[in-house]
Amino acid sequence: MIIRYFGAAQAAAGIGEETLDLPNGSTLGELLRLLAERHAVPASSGAPELATVINRSSFLVNELAARDRAMKLIDADTIDILPPFAGG
């Protein structure tokens, strides 16, 4: 599946996009936990923790809002991580 990071999520992950292989039926919550662990950084780095950004973010699965972290995913899904954006 394709994971796309925006704004603070991109800064925390250090990348704009990545591809992961997860078993079909994995949940959005499982994916988010995996991403937080995968992109953990030392506090001394000054970068935001992806786990913190994820807790404030909204998500799109195949360009549709996804609020249920128990939502089942398939390998062909595209997940967007959208932190709150400032501005008007």
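Q: In what order do the five strands of the open sheet stand?
A: This is a predicted model, in which local features need pLDDT of at least 70, side-chain atom pairs count only at pLDDT 80 or more, and totals for chains, interfaces and linings use all residues. Residues are numbered from 1 along each chain as its sequence is written, and side-chain values use heavy atoms, with hydrogens and water left out. Strands (E, at least two residues) and helices (H or I, at least four) are DSSP runs numbered from the N terminus, and two strands pair if DSSP finds at least two bridges between them. The pairing in the open sheet is mixed, and the five strands stand in the order 2-1-5-3-4.

Q: Which strands stand at the edges, each with a single partner strand?
A: A strand with a single partner strand has one side left without a neighbour in the sheet. The strands at the edges are strand 2 (17–19) and strand 4 (64–65).

Q: How do the elements of the protein run from the N terminus on?
A: The protein has three helices and five strands. From the N terminus on, the run of elements is β-α-β-α-α-β-β-β.

Q: Which residue of strand 2 is the bridge partner of I2?
A: Strand 1 (residues 2–5) and strand 2 run antiparallel and are joined by three bridges. The bridge partner of I2 in strand 2 is T19.

Q: In which sense do strand 1 and strand 5 pair?
A: R4 has D80 as its bridge partner in strand 5, and Y5 has I81. The pairing of strand 1 and strand 5 extends over four bridges, and its sense is parallel.

Q: Which residue of strand 5 is the bridge partner of V61?
A: Strand 3 and strand 5 also pair over four bridges, in the antiparallel sense. Here the bridge partner of V61 in strand 5 is I79.

Q: How many residues of strand 5 are buried?
A: Buried means under 20% relative accessible area, exposed over 50% and partly exposed in between, with a 1.4 Å probe and protein chains only. T78, D80 and L82 are buried on one side of strand 5, and I79 and I81 on the other. Strand 5 is largely enclosed by the rest of the structure, because the count of its buried residues is five of the five.

Q: Is T78 buried or exposed?
A: T78 has its place in strand 5. Leaving out residues up to four places away in sequence, T78 touches I2, R4, L60, V61 and N62, a contact being heavy atoms within 4.5 Å. Its relative accessibility is 17%, so T78 counts as buried.

Q: Which residues make up the uncovered face of strand 1?
A: Strand 1 has two faces, of which the covered one holds I3 and Y5. The uncovered face is made up of I2 and R4.

Q: At about what angle does helix 2 run to strand 5?
A: Helix 2 (residues 28–38) lies across strand 1, strand 2, strand 3 (58–61) and strand 5 (78–82). Axes are lines fitted to C-alpha atoms, for helices over the stretch in contact, and angles between N-to-C directions run from 0 to 180 degrees. The angle of helix 2 to strand 5 is about 65°.

Q: Within what arc do the buried residues of helix 2 fall?
A: The buried residues of helix 2 are L28, G29, L31, L32, L35 and A36. Seen down the helix axis, they line one face, because the arc they fall within, taken from the directions from the axis to the C-beta atoms, is 160°.

Q: Which exposed residues does the face of helix 2 turned away from its buried side carry?
A: The buried residues of helix 2 have cover that includes strand 1, strand 2, helix 3, strand 3 and strand 5. The face turned away from that buried side carries the exposed residues R33 and E37.
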